[in-house]
Amino acid sequence: MASSFKPEQARVPSALPLPAPPLTKFNIGLCQLSVTADKKRNISHAKKAIEEAASKGAKLVLLPEIWNSPYSNDSFPVYAEDIDAGGEASPSTAMLSEVSKRLKITIIGGSVPERVGDRLYNTCCVFGADGELKAKHRKIHLFDIDIPGKITFMESKTLTAGETPTIVDTDVGRIGIGICYDIRFQELAMIYAARGAHLLCYPGAFNMTTGPLHWELLQRARATDNQLYVATCSPARDSGAGYTAWGHSTLVGPFGEILATTEHEEDIIIAEIDYSILDQRRTSLPLNKQRRGDLYQLVDVQRLDSK
């Protein structure tokens, strides 16, 4: 009976096998940073945090969502950078490039407002240990929310949604990138898993309403559903800011277990990722062999169109 389940057809195109990672074990650093209205200070502060994480053994460093700017629609146009132009046009990413090369580490650069012509994006840049920009993820799902009496925020007033899922091969494995609200959409994580991701990284800034309810829940769900690691990084909480972040940056293992986390204050977490556990978990709980391709399919449109 099981043979009629057609698990290989549950992913279209078929899921890629998990690739052999460049290394099995390494330390990740999650830099939960305080953010101010002083952009130069934010850049310098992030640089010091990355250096501290690397000095403690981190080979991969993750920064928060919108770490160089206050999180507000008024601020995004003012703090936006031309990432493609680089140099003085993008001091935030210039710093990330310099530090990654000097320290020989991979950096998932949180996110910063990006300007492209008359459009603005919420963009995450991935820099390799050679200092080169390896990938750029523009937030796909914009944070438009209205909970009466609690919180209203409409990113779409200023930002444009990204169009492309982002998965990147690095010195520390194959990583799928999402930004904050992207974590709510399990289809994106499923696509990354089907493309052979070892780890999903979500810089984010959940708020004081949805953070206590959903932040940990969503991280553990994405990790458990897809049997891979999930890392998140938030700004530190500033109760005086126009937008107050929940904090609680976290690393979750492939069984949904919390491996490391922090509270809401500024902090740097160093935690170990061990990819050998992925095969153990997938052997013990063989979801990929049990999917009902005879009943449902996840279609990766981008991969399908590229064939």
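Q: In this predicted model, how do the residues of the lining of the largest cavity divide into nonpolar, polar and charged?
A: The lining of the largest cavity divides into six nonpolar residues, two polar and one charged. The residues concerned are Phe143, Cys180, Tyr181, Arg184, Ala205, Phe206, Asn207, Thr210 and Tyr243, and the space in this cavity comes to about 40 Å³. The count of cavities of 30 Å³ or more is one.

Q: How many residues does helix α3 have, and what span should they give?
A: At 1.5 Å a residue, the 13 residues of α3 (residues 91-103) should span 18 Å, and the end C-alpha atoms are 18 Å apart, which agrees with that expectation. Just after α3, Lys104 takes a positive phi of about 55°.

Q: Which residues of α3 are buried?
A: An α-helix has 3.6 residues a turn, so residues three or four places apart point the same way. In α3, the buried residues are Ser92, Thr93, Met95, Leu96, Val99 and Ser100. They cover an arc of only 150° around the axis, and therefore lie on the same side of α3. Among the elements that cover these buried residues are α1 (39-55), β4 (106-108), β5 (112-116) and β6 (119-127).

Q: Is Glu163 buried or exposed, and where is its place?
A: A residue counts as exposed when its relative accessible area is over 50%; Glu163, with a value of 71%, is therefore exposed. Glu163 has its place in the loop between β9 (151-154) and β10 (166-170). Although Glu163 and Lys139 are 24 residues apart in sequence, their C-alpha atoms are 8.3 Å apart in space.

Technical notes
Residues are numbered from 1 along each chain as its sequence is written. This is a predicted model: local features need pLDDT of at least 70, side-chain atom pairs count only at pLDDT 80 or more; totals for chains, interfaces and linings use all residues. Side-chain values use heavy atoms; hydrogens and water are left out. Helices (H or I, at least four residues) and strands (E, at least two) are DSSP runs, numbered from the N terminus. Buried means under 20% relative accessible area, exposed over 50%, partly exposed in between (1.4 Å probe, protein chains only). The expected span of a helix is 1.5 Å times one less than its number of residues. The arc is that of the directions from the helix axis to the C-beta atoms. Contact means heavy atoms within 4.5 Å. On a 1 Å grid over the protein atoms alone, a cavity is a set of points where a 1.4 Å probe fits but cannot get out, and a pocket is an open set with protein on both sides within 12 Å along at least five of seven lines; lining residues have an atom within 4 Å of a point. Grid points are joined across faces, edges and corners, and a volume is the space filled by probe spheres set on the points. Ala, Val, Leu, Ile, Met, Phe, Trp, Tyr, Cys and Pro count as nonpolar, Asp, Glu, Lys and Arg as charged, and the others, Gly among them, as polar.
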